Amino acid sequence: MDWWFWPLSLFVFTLIIGVIAPISGVGGGVLFVPLTTAFFPFHPDFIRGAGLIMALTSALSSTPQFTKKGLANIRIIAPIVIVSIVTSILGGLVGLWITSAFPEGKYYITIMLGVVLFVIFAVMLTSKRVEFPEVREVDSLSEKLGLKGAWYEPTLDRVVEYRVTNMKIALPAFAGVGFIAGMFGLGAGWANVPVLNLIMGAPIKVATSTSMMIITVNDAAAAWVYLSRGAILPIIVIPSVVGITIGARIGAKLAVRARPRIVRYIVLGVMLLAAVLDIYKGLAGLGYVPKVF
Amino acid sequence: MREVKVDPMNTAFARTMEILTYIGLILMIVPGLIYILTGTGYVDTVKAVENWGKSASEFWKSTKGIEVHGYSWFLNNLSYFDCLSIIGIVILAVTPLFSMIASMVKADTKYKIILLIAVIEFVVAIVRPLFMHVTGH
């Protein structure tokens, strides 16, 4: 097989992910890593490195616009990233240590990724979204930090003011999410958004935008770990980033017209399949089950 | 009322991020595409394909006979398009750091301190590989 087959396949594959992600409401980054691990011949080190850069690029592209509109707020993310920068770096270090220290490390990571994917699947299936949560009381830390803001909401034709709370409760959650993001190269919107929306009381638009801002900092910090270990290869990163960027633009236009729920369920089904395949692939690599693919 | 007064901290953060992201993306994608289309670089594409199933440490031993600890693997080879593409990634990876620094300038004392801690952590993340080899070897 010619060498260009895989980069070209990766481009087409990420283009499809890019189109589907906005329609289904499932992040492209969270689909890329498990599916590529299941179906492509690359080592998980390079897949996670590419996953981080993909999630970083898309978050960097959207965050400035959200921030200028008042939707993403650095006042909210600053205390969070103090914790999550450390854990995302630790996640990257642990992930690369497992694959380099153990001969079977690649399979351990693949199995763990499958398990994490089950958790993500459960979170996505069960977590609800509250458009404008009511924040009755603000805890003392959040009050002192002045965690509030405002944005113009075109659907209401008015400026919506918001405030958030429960920073102390949310911090451990963001620490855990940062670790998982760094270790597996995943975008972390699936976890950031419910924490910001349901625990801290941020309106859903603020939660999704601020989550993007958090991803820029966490994934950039973790990317340095992968860069310093040579786990970022342009031959994998470039087709992935170009594919998902073009796909996301097509997907965003299609999503404006229709977002059938069936697409979301199909994508969640594919995620579940990827989780099973990743676990099977890992177990097969360790010799616990026969290799079938 | 459609006008929203955005916190100057946020405006500074957004402007810096926007500019650096454009530069980073161009520097990453243009040389990266040239590398993939021509097939030649610091790591030959055919060799990369033959070895990308190996862990990062094994990959570099097999393709270039080196152990990678730090950033010299691409900084010393900037005449190759694949390494030049990594410079774009470096700019993207440093963008949130500069955005936080820009935001610090507009922040009140409380947030200056919080952002300074985040900035220090970020800088440590960048320089850590230069003096530590926590890799399991």
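Buried means under 20% relative accessible area, exposed over 50% and partly exposed in between, with a 1.4 Å probe and protein chains only. By that definition, both R48(A) and D45(A) are buried. This is a predicted model, in which local features need pLDDT of at least 70 and side-chain atom pairs count only at pLDDT 80 or more, while totals for chains, interfaces and linings use all residues. Side-chain values use heavy atoms, with hydrogens and water left out, residues are numbered from 1 along each chain as its sequence is written, and chains are lettered from A and ligands numbered from 1 in the order in which they are written.

**Salt bridges**

- A search of the whole structure gives 7 salt bridges over all chains, a salt bridge being a side-chain nitrogen of Lys or Arg within 4 Å of a carboxyl oxygen of Asp or Glu.
- R48(A) and D45(A) join their side chains in one of them, at 2.6 Å from N to O; because they lie 3 residues apart in helix α3 of chain A, about one helical turn separates them.
- Helices (H or I, at least four residues) and strands (E, at least two) are DSSP runs, numbered from the N terminus.
- E134(A) and R136(A) also meet through their side chains in a salt bridge, at 3.4 Å from N to O, and both of these residues are exposed.

**The interface of chains A and B**

- In chain B, 68 residues are in contact with 69 residues of chain A, where contact means heavy atoms within 4.5 Å.
- About 5,700 Å² is buried between the two chains, with carbon and sulfur atoms giving 73% of it; buried area is the accessible area (1.4 Å probe) that two parts lose on being put together, summed over both.
- On the chain B side, I36(B), W52(B) and Y111(B) lose the most area to chain A, together 13% of what that side buries.
- Between chain B and chain A there are 3 salt bridges, including the one from R75(A) to D7(B), whose closest N and O atoms are 2.6 Å apart.
- R75(A) is buried, with a relative accessible area of 15%, and a network of salt bridges links R75(A), D7(B) and D108(B).

**The largest nonpolar core**

- A nonpolar core is a set of buried Ala, Val, Leu, Ile, Met, Phe, Trp, Tyr and Cys residues joined through side-chain atoms within 4.5 Å.
- The largest such core has 133 residues, among which I235(A) and F122(B) touch the most other members, and helix α9 (residues 204–228) of chain A gives the most to this core, with 14 residues.
- Leaving aside residues up to four places away in sequence, F122(B) touches residues of both chains, including V217(A), W224(A), P96(B) and M100(B).

**Helix α5 of chain A**

- Helix α5 (residues 105–126) of chain A has 22 residues and should span 32 Å at 1.5 Å a residue, which agrees with the 32 Å between its end C-alpha atoms; the expected span is 1.5 Å times one less than the number of residues.
- Among the buried residues of α5(A) are I109(A), L113(A), L117(A) and F121(A), and its buried residues pack against helices of chain A that include α2 (28–39), α4 (74–101) and α11 (261–286).
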